[in-house]
Amino acid sequence: MEPRSDFTDIIDDSKLFLYRTSNINEPNNFLLYDFKKNIILKEFSPFKPQGSCSLAPSVFHHTADGDLFVSKQWEYTIYKLDEESITPFYQIEFNSKDRLPDDRSTIECMDLMPPLQFKHFARRLDHITQVGETLYITYILQMQYHLSAINVSTGESKTMKIGADNEVPFVWTPALFLQDEAVSLIPANAISPKNDPFPSDKSPDRILHAEDNPVLFFHKLKPLSSGKQ
């Protein structure tokens, strides 16, 4: 029987990475699992109480270059995971009003939530990808989704809020990453009032209407050194 897990990432036609948030007789968060042979090949990342939950859409993040990043709840470290090891790749520093408690690794994940509920800091990194030397991450800070681009060599960064009134049109919350693209699913009624008439190939009059289906937008991500996003 497949080990219990909270998140799964397919490696090939026989192997998976699994992430689990329970430490009952399970000393590590990540597993390399052969589902054809039904055996655990390797385990990574010793379990800490703060890892007993994950509220992110996924802990697994694929980059444009084929690397696999992983993230954890209440942590700003991005790790690189492969079949041999898990290694720290980059530490995100937030200039926020509040800070994560230093002893958070000793506290159960759900126990951290009540006292930190109204603090102003990012709870996690939601989505991560890398294009060249540039990391792209999304996260919630002060009840607002943000998108940051960070050059891992120089530390140069650029951040914008994402949502209905962001500076780059049609990047919605939460923006997902598909390798080197940001993908947004935007309700038609959020597009048509501000961009009327907005073209559509699904309507007889070739115009998007508020009651139409949501629209997918793809934005190409570029290295920060190019001066563009």
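**View 1. Antiparallel pairing of strands β14 and β15 in the predicted model.** Strand β15 spans residues 215-220, and its partner β14 spans residues 181-186. The two strands pair in the antiparallel sense through 6 bridges.

**View 2. The hairpin formed by strands β13 and β14.** Strand β14 also pairs with β13 (residues 176-178), again in the antiparallel sense, here over 3 bridges. Phe 177 stands opposite Ala 182 in β14. The turn of the hairpin places 2 residues between the strands. Gln 179, located in this turn, has a positive phi of about 55 degrees.

**View 3. Buried and exposed residues of helix α1.** Helix α1 comprises residues 109-116, and its buried residues are Cys 109, Leu 112 and Leu 116. These residues lie on the same side of α1 because they cover an arc of only 55 degrees around the axis. Asp 111, Pro 114 and Pro 115 are exposed on the other side of the helix.

View 4. Of its 229 residues, 45% are buried. Among contacts with a separation of 6 or more, 45% join residues 24 or more positions apart. The chain exposes about 12,400 Å², of which carbon and sulfur atoms supply 52%.

Methods. Residues numbered from 1 in each chain as written. Predicted model: local features only at pLDDT ≥ 70, side-chain atom pairs only at ≥ 80, totals over all residues. Heavy atoms only, no water. Buried < 20%, exposed > 50% of the residue type's maximum accessible area, 1.4 Å probe, protein only. Contact = heavy atoms within 4.5 Å. Areas by Shrake-Rupley, 256 points an atom, 1.4 Å probe, with all protein chains shown as cover. Pairing = 2+ DSSP bridges. Helix = DSSP H or I, 4+ residues; strand = E, 2+ residues; numbered from the N terminus. Arc of directions from axis to C-beta.
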